[in-house]
Amino acid sequence: MRVRVEALLPLSPRDFLILFVLTEGELHGYGMLRRVEEQSDGRVRLDPSNLYRALRRLMREGLVEESERRAVADEDGEDERRRYYGLTDLGRAAVTAEAARLSRITDAARERRLIPGKGDA
Amino acid sequence: MRPAGEGGSGAGKRAPAEGLAVALYRAALVSYPCSFRRDHRADVVDVFRDLYRARYLEAGARGAIHAVAFALPRAFAGGCRERWGSRRAGPARAEAAAVAADLRYAVRSLTSRPALTCVVAGLLGVGIGISSAFFGILRGVLVPLPYPGAERMVSVEVRLERAGWTVEPKATTVLELRARARALARIEARAGDRVLLAEPEPQRLSVVRATPGLLDAMGVAPAAGRGFLDSDIAPQATPVALLSRQFWRRELDADPDVLGRTLMLDGIPHVVVGVLPELAPGRAAVWLPLDLGTSEARVNAYAWLHSGATLEQAREELAANPPQSERDDHEDAILTLRATRGAIGSQRSTVLLLGGAASALLLLACANAANLLLARGVTRRREIAVRAALGAGRGRIARQLLLEGVLTSLVAGALGLLLATWSLRAAAAAPTAVALNLLSAARIDSQVLMWTLALSVATGVLFGLLPAIRAARPRLTAHLYRVGSAAGGPGARTTGGVLIAAEVALSLMLLAIAGLLTRSLLELEGMDPGFEVEGLVSFNVTLPGDRYPEASGRYAFWGELQEAVGGMAPVKRVALALTAPPIGLVIAGVLEVAERSEPADEGFQASINEAGPGFFRTLGIPILAGRGFLPEDTAAKPLPMVISQSMARRYWPDADPVGARVRITLPGMPDSPWQQIVGVAGDVALRGVRELAMGPGMQVYLPFGSGRAAGRTGALILRSDVPAAAMAAELKRQVWARDPELPVEAMEDVTTSMAGTLAMERFLAVLMTLFAALALSLGIAGVFAVVSYAVGRRTHEIGVRIALGAGEGAVRRLVIRQALLPVGVGVAAGLAAAVASSRLIGSLLYGIGPGDPVTLLSTTGLVLLAALAAAWLPARRAARVDPVIALRAE
């Protein structure tokens, strides 16, 4: 499994973000969109169709899967149809590995004072 | 608390214009591939709706609009990326990989049997090379046509109804036509002329005077400098000139600074403003602008139809409103338009001939190559069957075979191009080709390259197609489990037979044509020119009007020159003439004989020459009645005339023409004087032997200096022991001793120039013989291959026969008999084709008819012999087969 994970790195920023927001739990399309937007401070705004393009690809690569879960029926009954997506084990491993990689980079950047250290002002 | 984005999305409250926004978004999703839309469109639209509502809640109308503006283009672009991306990533990539694999397989397959591949590529290369060479020649002949508008080009001629022949229009007529004709978009003209170039050596140049728009209309752009402008023919304009590339290279040493240089032509300085490209039409050394308004000459006029007009419309317009200037000269003159399809008419036969021969050779080469491949194709059936059993689709196998064919043909095409370039260069350098503008103009340019490429690919497809078609119908199990090698069956036998018949037919056709052309050439060469050609040397001199204004001065010059040359040691006899054979002039007019009520001939045509005293004796022309010319004849009245024997026979069948008075009236010269016949000479090939070959020789001789030229130009013909080269310097000295500025032209042995008139016939005969020899070799090789292959297939059967007691002779006869039927069919087809095609080239044959039995019989015999010889060897091998081995053979 480790071999396969390393082959997937580095993840594109968009893919990383999508996987990252899924670590919190399963989400449906709109949820993912909003979480990605929040997580990136409004910088990454996905158009719905492009989100699903990425999802489709991630599913093909085995990082994301469709969830069995269906939303609790809401007043308007729309949520029933929505599909939820969640991380696969591979996906979780991949996002973890990528986070670690990014962490190593930020550590090195702190050492060189490119970004303020944790203890700095 | 529910995580943000979970359910509570602002969904639930419809935002204004939500329906429209969603509809627009749905429309943008069209760019996504079907699979994506099938799986995700619903979700995507839902998410968009949520987003739209959320944005509206956050930022009102502005937010909603922003959401749509943001999402729509991105959705569309994403869809495109998904579509193209999916093609690359998915099945498309697999497809490309398959083609690459097929290509690799094809290359491996070809290189695994190098001998076969080389032979096939070589055969095709020869065929393609010859076709390319022919196309290169065609480019030279037809250049500058075809060019845009070529098919709209017509030539303008004047037809004289009563006399029945056509002449060129006057310059003023062309001007009139320009003003009137609406169906004609432009009209240009040209006229040939000769001017005197003073340096480095005085010489006369043939020039073309052309209207400023002519070159442009014919699509010829100068290679350097500029073409003619209308300002060049303005009244006070500086005289300008365009040089042909050959002249620039030859006389000016390809001077890079030639533009702006001055040339003295006819004593007038002309500024060089441009150099024409290699492919400029005609062989004039220099082009000068033609001002139609001031020219009195008759010109070659060409017109181009308007894009909407037809030739008929133009003709009708002309008939309704004819220009009047021709009527001033001839009452019966009618202006006509003739469609020109490019090449000068007389070359059409040659072009057809070469084209037909090249095609025939290409077909032969293809037939041979196809035969080889088919034979190989049969043995590959097992390989193909295995591939099919392993899952390769029919289309895939066919594609791979096609690739093999195309690859081979591309290699062949490259070889062919090399062959064509080399052979054209070699042929152009050979001495016989010097006189021919066909080869010197031939070139391999980008059009020829494209043609070669197209031809290669076409033959490759054709080739690859045959085994591919066969491969598409495999009977798998039969081939997989087959023990005997009897693969082929009746289908292959017929194909082999068709191939043999085709090879024999094509070879026979080419051989027959070559034979006819060769015999025609031999006939021409064997013709008696009517005078003694050996030992004659001639040269021309023209006396410029400004320094020799009086006839007496001119005659004095000629007299002195003749005496001086006659005094030279090697010279035995010398005489004056207007032109020396084979250059001659032709007249056409009305012939009247005194004391006969009607004109003897209204369409009289004859070669004409002016002859000084001693002319007939110098040239060795027999005087059959009366006498030749005497010195006082120039001024005698009535003017004496000598006619040829054929002319005497035609117009005085029962009487002696000597003493008769005749008058020849030429168009535009109504008051011709009566002349008296003083002698009858034997027929002479004044314009080359072809003149005599085409019909009885009509020749008319006048005393030197009595015609319109009045001694301004003349030829000195001398009989000498040494050739022209050895005498040239001395002869020129004699001329320049009297006048150092006179150009001495065309100094050569008359044998050389007479032989030169047959250069085209010789070229064609040699070329066609080469083609035919090639065809015969290909044919023999083809027959040999087919018969060998057939024998190979029947090894088993032959083994059985021999084991059962058949003798060698019987086996041989068996094999040959099988080949006989297709050979017979081929001979019949070839004879028919030969007769039909030789009729097309009838204009190139002299003294021999297209259906000449001797030629046809002998070539048929040759082909039969060759075919039988080709079949003999495999037959002999079959007869020697060891029955034990044959019976055991697979």
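**Surface, contact and backbone**

Colleague: Which residues make the nonpolar surface patch?

Modeller: This is a predicted model, so keep that in mind throughout. The patch is made by B:L410, B:L453, B:V457, B:V461 and B:L465, and covers about 350 Å².

Colleague: Which helix gives the largest share of the nonpolar patch?

Modeller: Helix α14 of chain B, residues 446–471, with four residues. B:L410 sits in helix α12 of chain B, which runs over residues 394–429.

Colleague: OK, on to the two chains. How many residues does the contact take from each?

Modeller: Chain B puts in 34 residues and chain A puts in 29 residues.

Colleague: And how much area do chain B and chain A bury between them?

Modeller: About 2700 Å², with 46% of it on carbon and sulfur atoms. As background, the size of an interface is often given as the accessible area lost when the parts come together.

Colleague: What's the count of salt bridges between chain B and chain A?

Modeller: Six. There are also twelve residue pairs in polar contact between chain B and chain A, counting pairs with both residues at pLDDT 80 or more.

Colleague: Which helix supplies the largest share of chain B's side?

Modeller: Helix α2 of chain B, residues 34–89, which brings 24 residues to the side that touches chain A. By type, that side of chain B divides into 14 nonpolar, eight polar and twelve charged residues.

Colleague: Back to the salt bridges: which residue does A:R56 pair with?

Modeller: With B:D39, and the closest N and O atoms are 2.9 Å apart. In general, side chains of opposite charge can pair when their charged atoms come close.

Colleague: Switching to the backbone: where are the cis peptide bonds, say around A:P10 and B:P582?

Modeller: One runs from A:L9 to A:P10, with omega near -10°. A:P10 is in the loop between α1 (2–8) and α2 (13–22) of chain A. Another joins B:P581 and B:P582, with omega about 5°. B:P582 is in the loop between β13 (571–577) and β14 (585–593) of chain B.

Colleague: And what is the phi of A:R113?

Modeller: Positive, about 65°, although A:R113 is not a glycine. A:R113 lies in the segment after α5 (89–111) of chain A. For context, most residues other than glycine have a negative phi, and most peptide bonds are trans.

Methods: Residues numbered from 1 in each chain as written. Chains lettered and ligands numbered in written order. Predicted model: local features only at pLDDT ≥ 70, side-chain atom pairs only at ≥ 80, totals over all residues. Heavy atoms only, no water. Contact = heavy atoms within 4.5 Å. Buried area = accessible area lost by both parts, 1.4 Å probe. Salt bridge = Lys/Arg side-chain N within 4 Å of Asp/Glu carboxyl O. Polar contact = N/O pair within 3.5 Å; in protein donor to acceptor, adjacent residues only side chain to side chain. Helix = DSSP H or I, 4+ residues; strand = E, 2+ residues; numbered from the N terminus. Nonpolar A, V, L, I, M, F, W, Y, C, P; charged D, E, K, R; others polar. Patch = residues over 30% accessible without salt bridge, like charges linked within 9 Å, V, L, I, M, F, W, Y side chains within 5 Å. Areas by Shrake-Rupley, 256 points an atom, 1.4 Å probe, with all protein chains shown as cover.
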